[in-house]
Amino acid sequence: MLMKEYRICMPLTVEEYRIGQLYMISKHSHEQSERGEGVEVVQNEPYEDPEHGSGQFTEKRIYLNNKLPSWARAVVPKIFYVTEKAWNYYPYTITGNACSFLPKFSIHIETKYEDNKGSNDNIFGSEPKEEETEVCFVDIVYDEIPERHYKESEDLRYFKSKKTNRGFLQEGWISTQDPIMCSYKLVTVKFEVWGLQTRVEQFVHKVIRDVLTLGHRQAFAWVDEWIDMTMEEVREYERATQQATNLKIGTFPPAISISETQLSSSARSGPNSAPSTPLSTEAPDFLSVPKDRPRKKSAPETLTLPDTGRRDSLFKLPSFFSWNSSPQPE
């Protein structure tokens with residue numbers, strides 16, 4: 001298991017970004033999707049949590065078959081996807097990703113937002129941990145992104161918002177920018193396969209960092225498109241975009257409920273370490289052993305790969321991860 005804390009500053013307020021993140025996630029997912037590939041929204045509905053208040057539960061399927069290396073496509077099902085479940089209690093969210101083909105692989109992301117420059121060292125609690133968590137500051141302006149994702153219109157060195165008059169972010173912008181906020185993300189990657197664990201977990205963190213950099217810079221690059229939206233308007237945009245994306249990747253549109261109906265407290269349950277959630281949308285138990293499988297005392301399972309001398313036999317993860325959240329880079 002490899003855990004890192006990412007801190008991503010943005011020239012916005014936390015209240016502004018509440019709209020911006022919903023718009024960005026929907027538009028980004030639609031842009032990255034194509035026939036048979038992309039993000040299908042299975043469920044998206046509001047609910048009430050006794051501790052965190054009003055929230056939104058989303059379940060997505062991220063189809064990745066064509067993005068896998070050739071050796072993996074030969075052994076995985078023709079329709080291959082990662083399941084992502086997210087609980088959004090803005091300004092706090094929790095996201096889990098799991099893959100049925102790789103049961104020992106999981107990603108868990110806990111996110112909090114604050115109006116500061118990334119200076120809160122105890123945002124996820126001050127209790128001592130078994131080992132120190134690496135803190136990674138992400139600069140949405142000057143950190144590199146994969147070349148295939150670069151767009152001149154989204155280069156924040158040369159972008160200025162017409163509606164907010166913010167932009168042309170130069171070196172040292174985090175120290176001088178006002179307003180400014182920070183997205184804190186505690187990311188845990190787990191891949192329990194002997195001989196590959198360290199390499200894979202480090203690679204996944206590289207992919208996640210690329211996704212976080214791209215998504216947050218797009219959120220500001222698109223600010224003039226969403227800054228005047230109300231929550232009702234962005235939810236309607238989210239609904240329409242999700243349905244269009246589902247059709248784009250060739251799936252039937254799901255029944256998405258955006259009503260104000262709240263679930264009763266008796267319909268929720270969840271582990272003590274995560275927010276309470278409805279029984280039908282139980283939070284991912286990313287650190288536990290399945291109850292119907294006894295814990296093995298032997299070493300973790302070994303994954304045997306084909307000819308390691310071939311370039312296409314190296315273990316690679318798909319370049320697209322969804323948001324929170326995954327993601328959605330090589």
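The model is predicted. Its protein chain contains six helices and 10 strands. Of the 330 residues, 52% count as buried. The accessible surface of the chain is about 16,900 Å², and carbon and sulfur atoms account for 49% of that surface.

The crossing of H1 past H6 is left-handed. On the H1 side, the contact is made by Arg 18, Ile 19, Leu 22, Tyr 23, Ser 26, Lys 27, Ser 29, His 30 and Glu 31. On the H6 side, the residues include Met 231, Val 234, Tyr 237, Thr 241, Ala 244 and Lys 248. By class, the residues of this contact are seven nonpolar, five polar and six charged.

H1 also packs against helix H4, residues 197-221. The axes of H1 and H4 come within 9 Å as well, but cross at roughly 115 degrees. Here H1 passes H4 in a right-handed crossing. Tyr 17, Met 24, His 28 and Glu 31 of H1 meet Leu 214, Gly 215, His 216, Gln 218 and Ala 219 of H4. This contact has four nonpolar residues, four polar and one charged. Glu 31 of H1 is listed both in the contact with H6 and in the contact with H4.

Another glutamate of H1 is Glu 16. Is Glu 16 buried or exposed? Its relative accessible area is 19%, and buried means under 20%, so Glu 16 counts as buried. Beyond its neighbours within four places in sequence, Glu 16 is in contact with Arg 166, Trp 226 and Ile 227.

Glu 51 sits in the loop between strand S2 (38-49) and strand S3 (53-63). Glu 51 counts as exposed because its relative accessibility is 64%, where exposed means over 50%. Its C-alpha atom is separated by 9.8 Å from that of Tyr 89, 38 residues apart along the chain.

The loop between strand S7 (134-138) and helix H3 (173-176) holds Phe 168. With a relative accessible area of 43%, Phe 168 is partly exposed. Leaving out residues up to four places away in sequence, Phe 168 touches Leu 156, Arg 157, Tyr 158, Phe 159 and Lys 160. The C-alpha atoms of Phe 168 and Asp 155, 13 residues apart along the chain, are separated by 9.3 Å.

The backbone is the last topic. Most residues other than glycine have a negative phi, and most peptide bonds are trans. Phe 168 has a positive phi, near 55 degrees. Asn 165, found in the loop between S7 and H3, has a positive phi too, near 65 degrees. At 57% relative accessibility, Asn 165 counts as exposed.

Which residues are joined by a cis peptide bond with omega of about 15 degrees? They are Tyr 90 and Pro 91, and Pro 91 lies in the loop between strand S4 (81-89) and strand S5 (92-98). The bond from Asp 178 to Pro 179 is also cis, with omega near 5 degrees. Pro 179 belongs to the loop between H3 and strand S8 (181-191).

Technical notes: Residues numbered from 1 in each chain as written. Predicted model: local features only at pLDDT ≥ 70, side-chain atom pairs only at ≥ 80, totals over all residues. Heavy atoms only, no water. Helix = DSSP H or I, 4+ residues; strand = E, 2+ residues; numbered from the N terminus. Buried < 20%, exposed > 50% of the residue type's maximum accessible area, 1.4 Å probe, protein only. Areas by Shrake-Rupley, 256 points an atom, 1.4 Å probe, with all protein chains shown as cover. Left-handed = near helix turned anticlockwise from the far one by under 90°. Contact = heavy atoms within 4.5 Å. Nonpolar A, V, L, I, M, F, W, Y, C, P; charged D, E, K, R; others polar. Axes fitted to C-alpha atoms, helices over the stretch in contact; angles between N-to-C directions.
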